[in-house]
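Dear colleague,

Please find the structure below, handed over for your use. My notes on what was found in it follow directly after.

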Amino acid sequence: MTPQSPLDPMDLAGIDDLLSDEEKAIRGTVRAFLDKRVEPFVADWFERGEIDDIRGLTKELGALGLLGMHLEGYGCAGMSAVDYGLACLELEATDSGVRSLVSVQGSLAMFAIHRWGTEEHRGRWLPSMATGEAIGCFGLTEPDHGSDPASMRTRARRVGDDWVLDGAKMWITNGSIADVAVVWANAGEEHGGIRGFVVPTDSPGFSAPEIKHKLSLRASVTSELVLDGVRLPGDAVFPEVRGLKGPLSCLSEARYGIVWGSLGAARSSLDTARRYSIEREQFGRPLAGFQLTQQKLADMALELVKGQLLALHLGRRKDAGTLRPEQVSLGKLNNIREAIDICRMSRTILGANGISLEYPIIRHMNNLESVLTYEGTVEMHTLVIGQAMTGQQAFR
Amino acid sequence: MNIVVCVKYVPDAQSDRTFNESDNTTDRVGVDGLLSELDEYAVEEALKLVEAGEGEVTVVTVGPDQAADALKKALQMGADKAVHVKDDAIHGSDAVATSLVLAEAIKKTGTPDLVITGMASTDGTMSVVPAMLAERLGLPQVTFASELSVDGSTVTIRRDGDAASETIVATLPALVSVTDQINEPRYPSFKGIMAAKKKPVEEWALADLGIDASQVGLDAAWTKVESFTKRPPREQGQIVTDDGDGGTKLAEFLAAQKFV
Ligand SMILES: Cc1cc2nc3c(=O)[nH]c(=O)nc-3n(C[C@H](O)[C@H](O)[C@H](O)COP(=O)(O)OP(=O)(O)OC[C@H]3O[C@@H](n4cnc5c(N)ncnc54)[C@H](O)[C@@H]3O)c2cc1C
């Protein structure tokens with residue numbers, strides 16, 4: 001019998017064997033890029049609250065094929081949902097901020113234009129968004145309306161053939177650097193309620209001041225969008241979709257990315273803690289030699305494995321066209337919740353070093369506080385699952 | 001312009017590298033391997049030349065089954081086609097035999113305008129294959145290029161030495177080996193990864209190249225690894241306690257190691 005090769009401590013269950021060579025190649029190229037281009041700098045970006053040359057970085061992400069990678073045509077790479085998930089996991093293992101940049105560009109802004117835009121919208125924006133020449137953002141949340149976007153106050157008025165937008169959006173990723181904003185506004189009953197608009201950010205009346213003082217997702221631009229009588233031509237609106245279905249269809253895409261992404265932050269934290277526990281000695285032996293430490297490591301590894309299996313299962317369903325939004329809720333709820341627990345538990349293994357930006361854990365942990373909240377809070381996904389189980393809607 | 005790039009499949013330097021106990025050759029089977037990083041520069045340079053003009057990039061490797069991974073990586077980066085020479089008889093070949101196999105394989109692909117190689121492999125690090133190969137192909141050899149340009153029928157390179165940088169011009173066809181200063185190798189893009197699946201990979205055995213098994217392999221090798229020992233574990237560093245004379249002790253240490 002040939003001797004068995006040692007078990008990979010970060011893939012105890014052998015989940016890698018469920019991936020094709022091509023899927024591994026996709027993951028490998030993303031990892032190699034991040035190791036060189038982002039990993040060495042990201043702690044500093046986080047500390048300063050600013051990504052150096054974010055436009056240049058976005059173009060490099062585009063050159064690799066990461067932007068809108070799971071969309072077809074218009075210069076997009078046309079990859080599978082599993083490929084996209086694997087890429088999100090690697091991105092977030094580096095930093096949730098960089099993953100957010102990619103998610104919002106591809107799954108929110110580009111997806112919205114691809115799915116709901118006119119042929120003209122698609123031709124005008126998607127090719128340059130795929131290369132990263134143009135950056136997009138997605139404005140749904142408002143200062144006073146988060147989990148309940150149906151009550152939004154941003155208004156779209158018909159003036160002649162044009163549309164005029166007034167209102168404000170809050171917590172908008174990529175807002176201040178965006179060239180184009182997908183903005184959701186209430187057009188009134190007679191025009192179908194909530195409608196989506198493609199807004200070039202150089203339109204008069206549009207501004208996007210950056211939100212400061214964040215202690216989470218610091219390597220990501222988050223902004224307010226101010227819409228002060230922004231006048232748009234009549235064809236700026238998504239022609240067909242009406243109501244919350246529009247934005248929710250996009251959110252379901254981005255949430256799917258988080259199902260995978262959050263595990264990246266968890267994997268990075270757990271691996272850091274595992275290595276640290278082997279090297280660090282107290283009471284004359286490595287931390288890894290204490291049963292309490294091993295208990296922590298084993299518990300975290302179990303949750304990581306389960307989360308990965310769930311992500312892959314949902315990914316295969318998405319590729320088969322059978323994925324339901326409620327199933328995305330299952331994935332997001334479980335994986336973000338377990339990921340943040342893994343980060344917190346990992347942090348304890350590093351003791352004081354755990355709170356230092358010299359190690360990635362506290363950064364991941366703080367980042368995941370945002371991920372816990374955006375794309376539907378943990379509470380909202382719980383209620384979605386509750387409704388699916390009982391038929392009772394508990395959030396209204 | 002048609003370019004052939006020679007690439008090697010080497011054990012990943014990140015993982016443990018070993019020799020086979022039985023014949024003292026590098027273990028390429030039981031370990032993770034990849035396209036030699038130094039060859040990525042050669043692939044990148046070839047791709048840049050072809051992208052700026054026209055022509056094709058063919059990558060050639062001599063190695064075991066797993067060496068197909070090195071070819072695949074080069075195809076994913078953008079090379080047009082690949083040639084894999086594999087034959088059990090090649091196992092244990094030294095640089096002399098390897099250059100013979102490469103030379104015959106390159107001849108069989110046609111007449112390239114340029115043959116590009118890395119400056120060394122990351123496992124053997126001998127740097128002699130490029131020169132031997134040029135000799136066998138009867139091509140001018142311009143090695144260790146840190147800059148390369150092609151103008152009509154000539155290739156110009158810069159070679160950086162300790163004392164001076166030389167500019168060397170050779171007529172095409174020629175063989176150039178490139179250093180890790182010459183460019184920044186690209187990452188395979190998603191499109192490149194997808195496209196690589198459809199690119200042709202030829203597999204040739206020694207018989208296809210008219211080479212007799214007795215000319216290659218361990219028995220024909222001019223050099224042989226007699227024995228090897230594992231690298232000793234790293235020794236613990238020396239800890240100097242500062243009793244007020246830490247600076248002096250540090251200076252003494254540096255002087256003893258001839259650093260100052
Ligand atoms: C860094 C960052 C980036 C973001 N990027 C974007 C973006 O690009 N585009 C965008 O549109 N938005 C974005 N958001 C906004 C995000 O989607 C919202 O913050 C989120 O939907 C929650 O809304 P809220 O903050 O207003 O919280 P609220 O809705 O006020 O909720 C506060 C708390 O109450 C709970 N709650 C609310 N209603 C119920 C209920 N019925 N039952 C039980 N509990 C309830 C919530 O779960 C939460 O715990 C971003 C947020 C952050 C932090």
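**Strands, helices and contacts**

In chain B, strand 4 (residues 57–62) and strand 5 (residues 81–85) run parallel and are joined by five bridges. Strands here are DSSP runs of E of at least two residues, helices are runs of H or I of at least four residues, and both are numbered from the N terminus. Two strands count as paired if DSSP finds at least two bridges between them. Within this pair, B:V60 has B:V83 of strand 5 as its bridge partner.

Please note that this is a predicted model, in which local features need pLDDT of at least 70, side-chain atom pairs count only at pLDDT 80 or more, and totals for chains, interfaces and linings use all residues. Residues are numbered from 1 along each chain as its sequence is written, while chains are lettered from A and ligands numbered from 1 in the order in which they are written.

**The parallel sheet of chain B**

Strand 1 of chain B is joined to strand 4 of chain B by four bridges, and the two run parallel. Here B:C6 has B:V60 of strand 4 as its bridge partner. Strand 1 of chain B also pairs in the parallel sense with strand 6 (residues 114–118) of chain B, over three bridges, and B:V5 stands opposite B:I116 of strand 6. From strand 1 of chain B, B:I3 and B:V5 point one way and B:V4 and B:C6 the other, and all are buried. A residue is buried if 20 or more other C-beta atoms lie within 10 Å of its own, exposed if 12 or fewer, and partly exposed in between, with C-beta atoms placed from the backbone.

**The nonpolar core**

The largest nonpolar core has 182 residues, and those with the most contacts inside it are A:A109, A:F197, B:V5, B:A74 and B:V176. Such a core is a set of buried Ala, Val, Leu, Ile, Met, Phe, Trp, Tyr and Cys residues joined through C-beta atoms within 7 Å. Helix 7 (residues 245–279) of chain A gives the most to this core, with 13 residues. Not counting residues up to four places away in sequence, B:A74 touches B:V5, B:V7, B:L35, B:V43, B:V59, B:A79 and B:A82.

In chain A, six of the seven residues of strand 5 (residues 194–200) are buried, so this strand is largely enclosed by the rest of the structure. Strand 4 (residues 180–186) of chain A pairs with strand 5 of chain A in the antiparallel sense over seven bridges, and A:A181 has A:V199 as its bridge partner.

**Where the chains meet**

Contact between the chains involves 12 residues of chain A and seven residues of chain B. On the side of chain A that touches chain B, helix 1 (21–37) and helix 3 (54–64) of chain A each supply at least two residues. Helix 1 of chain A gives the most, with six residues. By class, this side of chain A has nine nonpolar, two polar and one charged residue. Ala, Val, Leu, Ile, Met, Phe, Trp, Tyr, Cys and Pro count as nonpolar, Asp, Glu, Lys and Arg as charged, and the others, Gly among them, as polar.

**Chain B overall**

Chain B has six helices and 12 strands. Of its 260 residues, 40% count as buried. The C-alpha trace of chain B spans about 70 × 45 × 40 Å along its principal axes.

With kind regards

Terms used. Contact = placed C-beta atoms within 7 Å.
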